Amino acid sequence: MKSDIQIAQEAAMAPITEVAKRLEIDAGELELYGKYKAKFSDELLERIQANPDGKLVLVTAINPTPAGEGKTTTSVGLGQAFGKLGKKAVIALREPSLGPCFGIKGGAAGGGYAQVVPMEDLNLHFTGDFHAITSANNLLAALLDNHIQQGNGLGIDPRQIIWKRCLDMNDRVLRNIVVGLGNKMDGMVREDHFVITVASEIMAVLCLADDMEDLKRRLGNIIVAYNFDGKPVTANDLKATGAMAALLKDALKPNLIQTLEHTPAIVHGGPFANIAHGCNSVRATKAALKLADIVVTEAGFGADLGAEKFLDIKCRKADLKPDAIVLVATVRALKYNGDIPKEHLSEENMEALRRGIVNLEKHIENLQKYRIPVVVTLNSFLTDTREEIAFIENFCRERNCEFALSEVWEKGGEGGTALAEKVLETLEKKESHFQPLYKDGLTLKEKIETIAKEIYGAEDVTYSPAAERELGRITDMGMGHFPVCMAKTQYSLSDDPKKLGRPRGFTVNVREVYVSAGAEFVVAINGAIMTMPGLPKQPAAFGIDVDKNGMITGLF
């Protein structure tokens, strides 16, 4: 079997203007980035507003192994399969971060014969959106420190600066740093921090903004620090909003590329789901709904993270109502949740599968709480056995859940037609009655505890003294009605990555809380989760190269 990058590099891509015609988009309504990438113009986004909305299908997954379990591959293959069945479909995805590309997980273009292309462009610099977000974030940080250096007219307390710099790379040594060293002209000496770009509030703001006016409103509301009286200091106070918006002007526009089978793919925004809200942009999703009959979108990591945030944050803020959910599982991930070492996941082990399938059970129960029809799909691997597949299918049917096998990695759209047909049947016969998990009027603690107990299965929630104080301050500032974005490990339903399967009787510890006033949600950091990841001992970067002809190798 060829590698993902070999398959992508051998693909015959269509000019992006031809792909756009499938969505009834004229070439003049695109802003081209070469032959195979484009951004939607503001004129296009305005023109399609009167179109009726298509159906929205969310793809999510069980808790993954460290290598991921194929949500993007399934999303791409499902979109291609709809095309095989004659449906006008579009895929709406997130942009990849460089951190995982050079770390352990690899890129986010899908895999096998279910990929979006150009794969190298998407996984590396793409159209520059992440660079714009990083620049806007760090401009705000520079203006903040400059304000203090130039007399500190706002009375900013250097001990209460909460805005962090960012970089789109896994770099653990930047988590905690000291800035301002040198002489008096080099600024005030203080402790500072970095987050990865996908955890920046600017990323969340861009992904939740409706248009430029809304983007500027949200940017201006970002809280960067508190003054000596304990009052918030915002980006508007620093006069930073206009310049940040200028940097983000083009990044606000959704990107159009294609799959290996020329299905249109709108790829825009990329917050991580373990430390941010994990969904592509509202603008991209809403544009997709106006352009196609069926939109396939995904939410990052397991359903306890990405899907919960998609449903309780993005849908709440953007008034979206999903029509169906596809829950991706793999035999190897279920055996991993049955406590089998990674090196033995390819071996048949029915006992481990029985132990680990409780993880799938919990995710089915969780998604059904949102009153949306659920279809479970098994992302097929060559090492899966008939007995393992039959066991999982029977397990799903016993829980009144539809099931379909997905072979899109090996066969592309053709391998996803069984899943596509099952989703179409579900859309026709079952009605979605979507409702969020909790009401806006609950206290922040009640929201945190609802997620921890209802979705994770926790028995209790504890809070650090600092988290307790910050919850009180956020409520006093009038932001207690915001939804909650939980930052925790993706490898477990709990906040401990070692607790696999369906843990019970555990306590979730909230060690840090802060408000993203521009994004309009409250972040609760649980356990040992880090907003600036580190590289593994053998990073994927070791295997990436480029030959004398400019051909990239080793990217996956």
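**Salt bridges and a helix pair**

Modeller: Start with Asp214 and Arg217: they sit 3 residues apart in helix α9 (residues 212–221), so about one helical turn separates them. Keep in mind that this is a predicted model.

Biologist: What do aspartate 214 and arginine 217 form?

Modeller: A salt bridge. Their closest N and O atoms are 2.8 Å apart.

Biologist: Is aspartate 214 buried or exposed?

Modeller: Buried. Its relative accessibility is 10%, and the cut-off for buried is under 20%. Arginine 217 is partly exposed, at 37%.

Biologist: Which residues are linked with that pair in a network?

Modeller: The network of salt bridges links Asp214, Arg217, Arg218, Lys317 and Glu520.

Biologist: How many salt bridges are there in the whole structure?

Modeller: The search finds 41.

Biologist: Give me another one. Where do arginine 473 and glutamate 470 lie?

Modeller: Both are in helix α19 (residues 465–476). They are 3 residues apart, about one turn of the helix.

Biologist: What about glutamate 512? Which residue does it pair with?

Modeller: Arginine 511. The closest N and O atoms of that salt bridge are 3.8 Å apart. The cut-off is within 4 Å, so the pair counts.

Biologist: Switching topic. How do helix α14 and helix α15 cross?

Modeller: At roughly 35°, with their axes coming within 11 Å. Helix α14 covers residues 350–368, and helix α15 covers residues 386–398. The crossing of α14 past α15 is right-handed.

Biologist: Which residues make the contact?

Modeller: From α14, Met350, Leu353, Arg354, Ile357, Leu360 and Glu361. From α15, Glu387, Glu388, Phe391, Ile392, Phe395 and Cys396.

Biologist: What does that come to by class?

Modeller: The contact of α14 with α15 has 8 nonpolar residues and 4 charged ones, with no polar residues. Arg354 of α14 and Glu388 of α15 are among the contact residues that class as charged.

Biologist: Great, that covers my list.

Methods. Residues are numbered from 1 along each chain as its sequence is written. This is a predicted model: local features need pLDDT of at least 70, side-chain atom pairs count only at pLDDT 80 or more; totals for chains, interfaces and linings use all residues. Side-chain values use heavy atoms; hydrogens and water are left out. A salt bridge is a side-chain nitrogen of Lys or Arg within 4 Å of a carboxyl oxygen of Asp or Glu. Helices (H or I, at least four residues) and strands (E, at least two) are DSSP runs, numbered from the N terminus. Buried means under 20% relative accessible area, exposed over 50%, partly exposed in between (1.4 Å probe, protein chains only). Axes are lines fitted to C-alpha atoms, for helices over the stretch in contact, and angles run from 0 to 180 degrees between N-to-C directions. A crossing is left-handed if the near helix is turned anticlockwise from the far one by less than a right angle, and right-handed if clockwise. Contact means heavy atoms within 4.5 Å.
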